[in-house]
Amino acid sequence: FIPRVLGLNNAELQAKINTNLEAAILALRNPSPDSSLRGDFEISFYNGNLLGIHFRGSSFTPGGARPTKIDSGIHIDLTSGKVYEIGDLFKEDAAFEKHIKELCSDNESAYRLSIEGLADSWTIKTFAASWTGMDRAFLLSADSVRVYSIPSNAMGPIGGYNVPYSDLADILNKDGELWQKLTGRAAQALTVTTEESK
């Protein structure tokens with residue numbers, strides 16, 4: 001299922017949001033037009049300004065040995081249609097990837113997530129090696145950011161770490177668009193309905 005936002009007063013903005021959402025999902029480890037994509041989603045964050053979507057599934061390219069696993073967060077601005085990357089959360093000169101890995105290493109027991117259904121055999125070393133580039137998966141919440149990755153089919157998903165914003169205060173871009181959208185309004189519940197495509 002690909003999510004669509006409905007009910008906005010601005011039809012042009014609504015169309016832009018839905019086009020950008022679809023493009024972001026179809027770009028998830030979907031390397032060619034011949035690739036198939038299967039998956040579903042849940043809402044991970046919503047506050048009226050910002051919508052976070054957790055999309056999980058798989059992509060298969062003909063000729064490939066096995067499907068590629070997908071587990072990624074998509075965060076979209078409901079006032080502009082912009083899809084944010086994790087780097088948008090931090091100051092321009094901040095080495096946020098290195099900083100986050102160091103924090104996770106120093107706070108292993110406090111930050112580490114144990115998620116039902118995910119193997120717990122991974123180590124901080126495995127996470128640090130795999131959480132890079134396009135594999136820097138993240139999910140924003142009201143008070144922390146979950147960082148995680150899928151390094152290989154053999155290893156499976158890495159549950160990752162929940163890093164409090166308070167521990168990232170020195171490198172957060174608190175004047176930036178993403179931080180303003182994230183903190184500008186309180187998180188709210190959102191109802192998701194399914195609708196058959198015709």
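Which residue takes a positive phi in the hairpin of β1 and β2? The legends below start there; the model is predicted.

**View 1. The hairpin of β1 and β2.** G48 takes the positive phi, near 95°. Three residues lie between the strands of this hairpin. β1 and β2 run antiparallel and are joined by ten bridges. D40 has R56 in β2 as its bridge partner.

**View 2. Helix α1 and its buried side.** Helix α1 covers residues 11-26. At 1.5 Å a residue, its 16 residues should span 22 Å, and the end C-alpha atoms are 22 Å apart, which agrees. Buried residues of α1 are L13, Q14, I17, N18, L21, A24 and I25. They lie on the same side of α1, because they cover an arc of only 130° around the axis. An α-helix has 3.6 residues a turn, so residues three or four places apart point the same way. The cover over the buried residues of α1 includes β1, β2, β3 and β4. A11, E12 and T19 are exposed on the other side.

**View 3. The start of α1.** A side-chain oxygen of N10 comes to within 3.1 Å of the backbone nitrogen of E12.

**View 4. Aromatic pairs.** The structure holds five aromatic pairs. W122 and Y161 pair edge-to-face, 5.4 Å centre to centre with 90° between the planes. W122 sits in the loop between α3 and α4 and Y161 in strand β7, so the pair ties together parts 39 residues apart in sequence. W122 is buried at 3% relative accessibility; Y161 is buried at 0%. Ring pairs link W122, F127, W131 and Y161 into a cluster.

Conventions
Residues are numbered from 1 along each chain as its sequence is written. This is a predicted model: local features need pLDDT of at least 70, side-chain atom pairs count only at pLDDT 80 or more; totals for chains, interfaces and linings use all residues. Side-chain values use heavy atoms; hydrogens and water are left out. Helices (H or I, at least four residues) and strands (E, at least two) are DSSP runs, numbered from the N terminus. The expected span of a helix is 1.5 Å times one less than its number of residues. Buried means under 20% relative accessible area, exposed over 50%, partly exposed in between (1.4 Å probe, protein chains only). The arc is that of the directions from the helix axis to the C-beta atoms. Contact means heavy atoms within 4.5 Å. A polar contact is a pair of N or O atoms within 3.5 Å; within protein, one must be able to donate a hydrogen and the other to accept it, and residues adjacent in sequence count only if both atoms are side-chain atoms. Two strands pair if DSSP finds at least two bridges between them. Rings of Phe, Tyr and Trp (its six-membered ring) pair if their centres lie within 6.5 Å; planes under 30 degrees apart count as stacked, over 60 as edge-to-face and the rest as tilted.
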